[in-house]
Amino acid sequence: MNKTIIFIRQKHHLLIYLLFVAYILSALLTILLANGIGGEEDSIYHYMFARYAPEHPKLFFDHWAKPLYVLLAAPFAQIGFVGIKIFNTLNALLCFLFCWQSARLFPLKNTLLLPLFLMLVPYYFILTFTGLTEPLFAMMLSFSLFLSLKKRFIPVAILISFLPFVRSEGLIILGVFAFYLVMQKRWKYLPLLLVGHIIYSIAGYFVTHDILWVFTKIPYAHLGSIYGEGRLFHFVDQLLYVIGVPMFLLFWIGNISLIVRLFKKGFDAELHIFVWLGFWAFFIAHSLFWYLGIFNSMGLKRVLIAVVPFIGIIALEGFNFASSFLIKTNKLLGQGFQIAMIAYILIFPFTKNPGAIHWQKDLMLSERQIAAKEMANELAATPNKDSRFFHAQPLLSLLLGIDHFGSQRMQLSKDYGMEIQSGDLIIWDNWFCPIEYGLTKDALNKDTRLQKLFEQENKAGAKNSFYLVYRVK
């Protein structure tokens, strides 16, 4: 019997190692073959902060950029945008590992399927090859769950205290974990949830000269949004496009299973509070932020990747629940369901479904980014030695090869006129300039100090890109 158990465990470990090797190879191929940098400017901006933080130490304490993300990503960013892709690939691998180990500790059945499920979440795979913060948050969340199951309350409380410095929603998870500690009567660990704020308050004081900067500098701490508002159930729809159809079905079955488990098997603190309540607190909060138009919510579906470890565990619970129910009814039916569902999860990312992975659209440069690259190439042919560049779009700094926070690049906003000097180049774009900084093209066209060099418009795709380039006389 013991030999049989040892054989099963060895086979299980061999399969998980093969699964991880397969993911590593697919990730390396994607890094080598895909030139994408993320479909949103936030991806480039986060990279820029990490890339230039060593030259500008204040960037390590920028609340929007997320201080802990900048600190951990900075070494990787020094080798270029590919370094950020490697960084987030490592985050994903660690997330898979901690989720797998957590599933074994619960314990849940079919634990090998959890990393497989997560590896095949289409939008998770896509976001791994960007500069966004969600993969790091997901990794830290999965590590926190693992430590909780190991009853390592001191390190997990300290780890969770730093989550708000990776993404602001870390405050939601921090609150859920505080409730978890209270329910567990682990009162003495509650003060440790302040460690992250205390350390960053003190460290950042020498840069910001504000001991409360971790609270006063939060960019989302106001009841309004320049991005408008949306439907209350917006994220219910978006979840389908994030995790795909098969995982979406298993997720909802998993929620039913957790309710049944609560009444039949009793309350499980880690499963019902940390995972289940943790996900729904996060999900409901974002739904309300978007519906009410507060905290600068944009209704972006990518925020759900931050809690993908919880989604994966709930989906595995759904898989096990449905399998068990069907096997009890008819063994062949239950086994058929398992085979069909696993097969569907395996092939779904490669289908033409809107929620699947689309290589050109999701992992290559977008049409707007190609347009920006063409504009940068045309600008490179213009004499610009010793010129300063006034622009608002972070991508342009990357394409032009200039320090986004250095003296050669100046922020283009509606107050540009007070800083320009002869020879400066001004690059106006139709998103960042008018939306983020309130500068219209009409204002530039009326400025007699400016000489228009050229303009470029790309009408391909749903979002047109338009550039105006001027030189100061």
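1. Let's start with D42, which is partly exposed, with a relative accessible area of 22%. Keep in mind that this is a predicted model. D42 forms a salt bridge with R302, and their closest N and O atoms are 2.7 Å apart. R302 sits in the loop between helix 14 and helix 15 while D42 belongs to helix 2, so the pair ties together parts that are 260 residues apart in sequence. R302 itself counts as buried, at 5% relative accessibility.

2. What about the other salt bridges? The count comes to 12. One of them pairs K452 with E455 (2.9 Å, N to O). K452 counts as partly exposed at 44% relative accessibility, and E455 is partly exposed with a value of 44%. Salt bridges with shared partners also join D42, E134, R167, E169 and R302 into one network.

3. Now look at R261 and E317, whose salt bridge has its closest N and O atoms 3.1 Å apart. This pair links helix 13 to helix 15, across 56 residues. Both R261 and E317 are buried.

4. Helix 13 also holds K264, which counts as exposed at 72% relative accessibility. On the surface, K264 gathers with K109, K265 and K328 in a patch of positive charge.

5. L425 is the bridge partner of F389, and V469 is that of I427.

Note on methods:
Residues numbered from 1 in each chain as written. Predicted model: local features only at pLDDT ≥ 70, side-chain atom pairs only at ≥ 80, totals over all residues. Heavy atoms only, no water. Patch = residues over 30% accessible without salt bridge, like charges linked within 9 Å, V, L, I, M, F, W, Y side chains within 5 Å. Areas by Shrake-Rupley, 256 points an atom, 1.4 Å probe, with all protein chains shown as cover. Salt bridge = Lys/Arg side-chain N within 4 Å of Asp/Glu carboxyl O. Lys, Arg positive; Asp, Glu negative; His and termini not counted. Charge placed at Lys NZ, Arg CZ, Asp CG, Glu CD. Helix = DSSP H or I, 4+ residues; strand = E, 2+ residues; numbered from the N terminus. Buried < 20%, exposed > 50% of the residue type's maximum accessible area, 1.4 Å probe, protein only. Pairing = 2+ DSSP bridges.
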